[in-house]
Amino acid sequence: MAGLESKLPVVPGVKNHVLEACHHVVKALRASDTNLDPNLTKLLSDLESHLSTLEIVDTKVVVEDTGFSEIKKRFKEAKKVILGWEQNQSMILEAGVSKADLFFQALHDVQRVPTSFKALPIRTNKKEKDVYNQAAVVLDIAMFRLEKELCDVLNQYKQHVQPQYLSVSSRGKDIVYDESFVSLDDVVVEATDDQQILGSNNVVLLDPLVIPHIKAIAKAMFACDYGQAFCEAFITVRRDALDEYMSTLEMERFSCVDVLGMQWEDLNGEMRKWTKVLKIATQVYLASEKQLCDKILGDFEPSSAACFVEISKDTVLSLLAFGEAVSLRSCQPEMLERFLGMYEVSAELLLDVDNLFGDETGSFLRMAFHELAKTLADRTVATFSKFKNAIASDESTRAFSGGGIHHLTRYVMNYLKLLPEYKDALNTLLGNMQVDDSIPEKTGQDILPSTFSPMARHLRSIVTALESTLERKAQLYAEEPLKYIFLMNNCHYMVQKVKTSELRHFFGDEWIRKHIASYQHNVTDYERATKDSVSTSRDRCRLFGLAFDDVYKNQTRWSVPDPELRDDLHISTAVKVVQSYRGFLARNADRIGEKHVRYTCEDIESLLLDLFECLPSPRSLRSSRRRW
């Protein structure tokens with residue numbers, strides 16, 4: 001039996017019954033009473049041990065063959081399912097839940113092939129290599145198919161934003177200083193309601209019903225180490241969708257050179273639009289886009305944040321670039337409201353931006369946004385100062401025709417009426433700027449805190465500068481009464497604008513009382529100057545008539561645009577002039593005959609109603625006089 005071990009082949013094909021026979025022989029020899037030689041005993045032990053090894057090896061081979069066959073079978077079935085979709089260009093989503101589940105199960109089975117091989121005993125042969133390589137190819141095909149599915153679903157099931165979110169309507173007609181304007185009283189300032197524009201801060205960008213399907217695609221692709229391919233496809237489609245949404249807002253992407261070269265009329269409209277677009281883009285589109293990224297990729301951080309940054313960065317940087325380019329232009333007074341609007345919205349959105357780009361991936365966008373808000377703040381303050389300086393330095397070489405309301409007065413007061421809308425921004429920006437204020441701070445129940453806010457003090461300072469400019473313009477009149485008419489008209493206009501608008505809360509009642517007294521004093525000065533020009537001829541009735549004729553001819557061309565003020569002036573003038581004239585006639589009745597009385601008291605009273613009508617040409621009394 002010495003050669004028995006070498007003669008027993010250790011091969012996978014050893015039959016079970018042969019092994020059993022060998023075991024039986026060994027057991028029989030051990031059970032016999034014959035004293036066995038020690039060498040034979042050792043040989044039998046070795047043989048028994050070797051037979052046991054043969055059993056183990058054969059068992060492993062059976063298990064391995066069975067495992068490989070099962071893997072190959074599952075792979076073959078999965079391969080058939082996946083390759084079936086390679087030619088089918090319709091969406092898996094639309095085939096129904098059961099077929100979609102079948103595809104993802106097939107993909108799971110293919111993905112398990114390499115893992116299943118690792119669980120088997122180490123053995124390499126051509127059949128196993130072929131299955132392994134085929135699985136890798138089928139996996140690539142499945143990933144390509146899922147990438148196509150992802151793009152198709154994202155494109156076909158994106159939602160079109162409702163029209164109310166797309167409004168970028170303006171407040172109304174712009175107020176621009178132009179001496180060709182006759183009146184700006186009919187300018188209507190229509191404040192827009194941001195809540196009406198924005199509605200909810202979130203909109204549905206993608207049909208909610210397809211999100212589970214997209215999440216299943218993400219889970220499958222990330223599990224197969226194709227997460228980057230998923231993100232690239234997702235970013236491409238969603239970035240295009242965001243560009244499409246932005247195009248509906250009609251905000252073009254301008255280069256810095258384009259912005260610097262724009263005419264003010266065009267730039268004004270674009271700046272106005274920018275304030276609306278930035279708010280809608282940030283609080284509606286970007287907020288909703290981030291929510292969508294979190295829903296789909298929330299389980300795969302930091303991929304969700306990275307995808308959102310890549311989707312949104314071009315849009316954000318384009319909007320910021322416009323604001324930066326506008327800030328490079330010189331500060332012109334007419335840009336104040338536009339700069340205020342741009343600063344206010346950028347400052348308001350800082351918290352939103354911090355939440356959208358709070359992680360390190362989006363830090364460059366967050367910092368760029370904060371930097372723009374600071375730049376706009378500086379430009380707004382500079383423009384505000386230039387606005388006030390322009391008012392103070394406005395000079396004229398000739399008197400304003402008719403003594404009416406000067407264009408500068410209309411421009412400034414209508415402009416100031418727009419500013420209360422930006423009170424929070426102005427109080428923040430002007431808080432550290434020193435200003436001379438004619439109204440000392442007071443306390444009491446009837447005093448509004450807003451009256452002594454930084455904005456209020458600066459607004460009153462602007463009007464003080466306007467008053468000084470108007471005083472200089474008044475000195476250009478050769479006729480003293482017309483100077484007072486001019487000052488009266490402009491002061492009355494300022495008071496009315498303050499009393500009938502939000503400006504009242506900033507200027508305060510004391511300012512209003514003071515300026516009512518001021519224009520009433522102008523009325524008194526006018527009456528005195530006019531009375532002096534007529535009463536110097538009291539001694540002779542004829543010269544009185546000639547003097548009144550001259551007053552009538554001139555002052556019918558003067559202007560008092562406010563009807564109520566004009567009526568008050570007519571009454572006040574008529575009372576004083578007619579009363580004085582009636583007394584003059586009574587005192588000189590014995591010395592003046594009727595033929596020397598050119599105007600009766602009734603004539604004077606009636607003719608005074610023609611004054612301040614701003615007639616295009618002088619009106620003569622000669623042709624209309626009934627008697628001489």
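Student: How much accessible surface does the chain have, and what share belongs to carbon and sulfur atoms?

Tutor: About 32500 Å², with 52% of that belonging to carbon and sulfur atoms. Areas here come from the Shrake-Rupley method with a 1.4 Å probe, and for residues only the protein chains shown count as cover. Keep in mind that this is a predicted model: local features need pLDDT of at least 70, side-chain atom pairs count only at pLDDT 80 or more, and totals for chains, interfaces and linings use all residues. Residues are numbered from 1 along each chain as its sequence is written, and side-chain values use heavy atoms, with hydrogens and water left out.

Student: OK, and what percentage of the residues count as buried?

Tutor: 45% of the 628 residues in the chain, where buried means under 20% relative accessible area (1.4 Å probe, protein chains only).

Student: How many helices and strands are there?

Tutor: The chain has 22 helices and zero strands. Those are DSSP runs numbered from the N terminus: H or I, at least four residues, for helices, and E, at least two, for strands.

Student: Let's take a pair. At what angle do the axes of H17 and H18 cross?

Tutor: Roughly 160°, and the axes of H17 (residues 454–474) and H18 (residues 480–499) come within 9 Å. The axes are lines fitted to C-alpha atoms over the stretch in contact, with angles from 0 to 180 degrees between N-to-C directions. The two helices are therefore roughly antiparallel to each other, a label for angles over 145 degrees.

Student: Which residues meet there?

Tutor: From H17, Val463, Leu466, Glu467, Leu470, Glu471, Lys473 and Ala474; from H18, Lys483, Phe486, Leu487, Asn490 and Met494. Contact means heavy atoms within 4.5 Å. They divide into seven nonpolar, one polar and four charged. Ala, Val, Leu, Ile, Met, Phe, Trp, Tyr, Cys and Pro count as nonpolar, Asp, Glu, Lys and Arg as charged, and the others, Gly among them, as polar.

Student: Last one: at what angle do H11 and H14 cross?

Tutor: Roughly 20°, with the axes of H11 (residues 303–327) and H14 (residues 363–392) coming within 10 Å.

Technical notes:
Buried means under 20% relative accessible area, exposed over 50%, partly exposed in between (1.4 Å probe, protein chains only). Angles under 35 degrees count as roughly parallel, over 145 as roughly antiparallel, 65 to 115 as roughly perpendicular and the rest as oblique.
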